[in-house]
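Here is a short briefing on one protein chain. Keep the structure open while you read, and find each part as it is named.

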Amino acid sequence: MRIRENDTIEVVAGNWSGERGEVKRVIPGRKGKGRHVGQRNPNGDRVIVSGINMRTKHQRPTGQVQTQAGRIQLEGPLHISNVALVCPHCDQPTRVGITLTADNRRARTCRKCGQYVDNT
Ligand SMILES: [Zn+2]
């Protein structure tokens, strides 16, 4: 995935367009374990971003362990096509390139300023 946990992203489409937040969770588009390798997850390729796409969940108190009841605010998933990674160097929403480092590892790069997104 081009976007990983703890990345800062900017929403580029929809109601939350222009908002920025940190990725809390990535829902991959392909399953990775056992006989499910390579299978598509139609609800995948999405990210949960803190403070973005908030929705109210009406939670009932259920179970032995008391869950928080009432109306609680939760982040909904955003499709990765609607978000762009914010480059830590040039502070702009950008597309992500993959380049090889000097020691032949694949590193994510900013397509705008060309610098490595991650510490390499
Ligand atoms: Zn950049």
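How many helices and how many strands does the protein have? It has 0 helices and 10 strands. Keep in mind that this is a predicted model.

**Overall form**

- From the N terminus on, the elements run β-β-β-β-β-β-β-β-β-β.
- The radius of gyration is 17 Å, well over the 14 Å that the globule rule gives for 120 residues, so the protein is more spread out than a compact globule.
- Along its principal axes, the C-alpha trace spans about 55 × 40 × 25 Å.
- Of the 120 residues, 17% count as buried.
- Take the contacts between residues at least 6 apart in sequence: 41% of them join residues at least 24 apart.

- In what order do the 6 strands of the open sheet stand? The order is 6-3-2-1-7-8, and the pairing is antiparallel.
- Strand 6 (77-79) and strand 8 (93-94) stand at the edges. Each has a single partner strand, so one side of each is left without a neighbour in the sheet.
- Strand 2 (residues 20-27) and strand 3 (residues 46-49) run antiparallel and are joined by 4 bridges. Look for Val23, whose bridge partner in strand 3 is Val49.
- Strand 3 also runs antiparallel to strand 6, with 3 bridges between them. Here Ile48 stands opposite Pro77 of strand 6.

**Strands 4 and 5**

- Strand 4 (residues 54-59) pairs with strand 5 in the antiparallel sense, over 6 bridges.
- How many of the 6 residues of strand 5 (residues 70-75) are buried? The count is 0, and the strand is hardly covered.

- Val47 is found in strand 3.
- Beyond residues up to four places away in sequence, Val47 touches Ile3, Ile9, Val23, Arg25, Val26, Pro77, Leu78, Ile80 and Val83.
- Val47 and Ile3 are 44 residues apart in sequence, yet 8.3 Å apart in space, C-alpha to C-alpha.

**Ile52, a buried residue in a loop**

- Where does Ile52 lie? It sits in the loop between strand 3 and strand 4.
- Ile52 has 24 C-beta neighbours inside 10 Å, so it counts as buried.
- Leaving out residues up to four places away in sequence, its contacts are Val11, Trp16, Glu19, Gly21, Glu75 and Leu78.
- Ile52 and Glu75 are 23 residues apart in sequence and 6.1 Å apart in space, C-alpha to C-alpha.

**The nonpolar core**

- The largest nonpolar core has 16 residues. Those that touch the most other members are Ile3, Ile9, Val47, Val49, Leu78, Val83 and Leu85.
- Strand 1 (8-11), strand 3 and strand 7 are the elements that give two or more residues to this core.
- Which strand gives the most to this core? Strand 7 does, with 3 residues.
- The core draws at least three residues from each of domain 1 (8-86) and domain 2 (87-120).
- Leu78 can be traced through its contacts: Val11, Arg46, Val47, Val49, Ile52, Asn53 and Val83, leaving aside neighbours within four places in sequence.

- The protein is divided into domain 1 (8-86) and domain 2 (87-120).
- Their centres, taken over C-alpha atoms, are 24 Å apart.
- How many residues of each domain take part in the contact? Domain 1 supplies 5 residues and domain 2 supplies 8 residues.
- On the side of domain 1 that touches domain 2, strand 7 (residues 83-86) has the largest share, with 3 residues.
- By class, that side of domain 1 has 4 nonpolar, no polar and 1 charged residues.

Conventions:
Residues are numbered from 1 along each chain as its sequence is written. This is a predicted model: local features need pLDDT of at least 70, side-chain atom pairs count only at pLDDT 80 or more; totals for chains, interfaces and linings use all residues. Two strands pair if DSSP finds at least two bridges between them. Domain bounds come from an automatic or database domain assignment. Two residues are in contact if their C-beta atoms, placed from the backbone, lie within 7 Å. Ala, Val, Leu, Ile, Met, Phe, Trp, Tyr, Cys and Pro count as nonpolar, Asp, Glu, Lys and Arg as charged, and the others, Gly among them, as polar. A residue is buried if 20 or more other C-beta atoms lie within 10 Å of its own, exposed if 12 or fewer, and partly exposed in between; C-beta atoms are placed from the backbone. The radius of gyration is taken over C-alpha atoms; the globule rule is 2.2 Å times the number of residues to the power 0.38. A nonpolar core is a set of buried Ala, Val, Leu, Ile, Met, Phe, Trp, Tyr and Cys residues joined through C-beta atoms within 7 Å.
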